[in-house]
Amino acid sequence: MAGDRINTALPEGIFSILDTDLYKLTMQCAILKYLPDVNVTYAFTNRTPQMRLSRAASEWLQKQIDKLANIALTSEEFDYLKTTCPYFNETYLQFLRSFRLQPSQQVRASFTPLTDTGSQDDVGDIHLDIGGRWLDTILYEIPLLALTSEAYFKFCDRDWSYNNQEERAYKKGCRLLEHGCIFSEFGSRRRRDYHTHDLVLQGLKRAAADGDTRGWKGKLSGTSNVHFAMKYGIVPVGTVAHEWFMGVASITNDYEHANETALRYWVGCFGEGVLGIALTDTFGTPTFLKAFKRTMPTPANSMADDKRTLIPGAASPPLPPMDGNSSTEPADERSYAQIFQGVRQDSGNPIEFVRIMRDFYQSQGIQEKKTIVFSDSLNIELCVEYMYAAEEAGFAPTFGVGTFLTNDFVHESDGQKSAPLNIVIKLSSANGHPAIKISDNIGKNTGDSETVHKVKETLGYVEKQWAEGDETTRWGKSENEASKANVQEQ
């Protein structure tokens, strides 16, 4: 198709402040309100360490990082957010209008070659260190990950093309819609590049239009990428990331109450019924559910409430907004589980998670249909399997499909898989304290190992390892990497 040819008019790298996931903006909004002066650091991890960048790729990456200083919210983007995202208050929108990234002061990138010959073809490890105020650095994660992936596939793995990417996305979208899946596109961070992302959205939009015509039960419910949501008239979707829970826990150094504190301040910022999908696995789902069933303080009793869920030094108390953002009036004696519309599953065994959440809601006497958002390394078959399991348990399932859409390629020379990078950037400290994530799968533990061990002991965390959760091969191996792995195993 004509749309699959490289569009040379498209600039490289990142050129919009909204070319990021919605939950980075929502968290920045909450940070502005409560924790504007907290200092943090972030750490980069390549979970596919055998896939290294070349010196040429690292130099291109550095140039793109430097260019991040030039992007700013445009008038059109400001108007779009004000119209489309009513949960963003005027204070935040005005802040974002004047916001600028300062990579020369906040990001340090370095390249360590395995063998240093001085050649542009030398391969090695990329190191990215981010630091500064949380408020000022939270928007780096998605652009830096997307740029690192783009650098790798621009210089290191070049045996691929855009051919049929729009059509592949269209066919994937059709299959999901025909099966009745409600899904969103979640592929910003590990996309092959901007043009691929653009082709994918074109294909999904075409599939959604055909699905409407044919009466399929499924629905394209949105995209996490705010720029593409604006470009294609799709709903921007997302709520909160692990980062919010990690930051709150690190700042308070109270992991027993961190989930509850994070939930309380989230509702305090946006209100009940707004951005109401809770992420359960930051410190393990069992620990989260202990907080989820607790009663949220009401405006009438919040000041007299147990101070264990108040953040020392927060800029304001966690009182729900009174500006009409909430979809319902706050009620007395309601638990977080009642207030939130549902939960997101992002690690561990999804089928087991459905059972755990069904038993939890039943034990709390909650009968209304809740949503489960599945977002962990999905493909069509997994979406369909989890949809049936969730519906049978009485849930409304939705899916955030990412890398399967925006970085699904084969090598042109032999038709073998051109495997994506599995890279992450996670909060590593806040106010000088280590920030960690445990999750529901040992393969997704991140942060200072000593702190991870201590927190697991404190919380009584039961170690889990899901056989299908190998982080080094989540989306397959290239033929060359598979051969290397076989040699190493012999």
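Which residues form one aromatic cluster? In this predicted model, the cluster consists of F245, F288, F292, F340, F360, Y361 and F395. One of these residues, F292, also stands out in the nonpolar core. The largest such core has 144 residues. F292 is among those with the most contacts inside it, together with L81, F88, W134, W244 and F399. Beyond its neighbours within four places in sequence, F292 touches residues including F340, F360 and Y361. Its other contacts include L263, A278, S335, Y336, A337, G342 and V343.

Aromatic pairs number 24 in the structure. The ring centres of Y34 and Y265 lie 4.8 Å apart, with the planes at 85 degrees, so this pair is edge-to-face. Y34 belongs to helix α1 (residues 22-34) and Y265 to helix α12 (residues 258-270), so the pair ties together parts 231 residues apart in sequence. Y34 and Y265 are both buried.

A stacked pair is formed by F374 and F399. Here the centres are 5.5 Å apart and the angle between the planes is 20 degrees. F374 sits in strand β9 (residues 371-374), whereas F399 sits in strand β10 (residues 396-401). The pair thus links distant parts of the chain, 25 residues apart. Both F374 and F399 are buried.

Charged side chains also meet aromatic rings. The charged end of K172 sits over the ring of F404, 4.0 Å from the ring centre. R206 lies over the face of Y170, and its distance from the ring centre is 3.8 Å.

Key
Residues numbered from 1 in each chain as written. Predicted model: local features only at pLDDT ≥ 70, side-chain atom pairs only at ≥ 80, totals over all residues. Heavy atoms only, no water. Core = buried A, V, L, I, M, F, W, Y, C linked by side-chain atoms within 4.5 Å. Buried < 20%, exposed > 50% of the residue type's maximum accessible area, 1.4 Å probe, protein only. Contact = heavy atoms within 4.5 Å. Phe/Tyr/Trp six-rings, centres within 6.5 Å; stacked < 30°, edge-to-face > 60°. Helix = DSSP H or I, 4+ residues; strand = E, 2+ residues; numbered from the N terminus. Lys NZ or Arg CZ within 6 Å of the ring centre and 35° of its normal.
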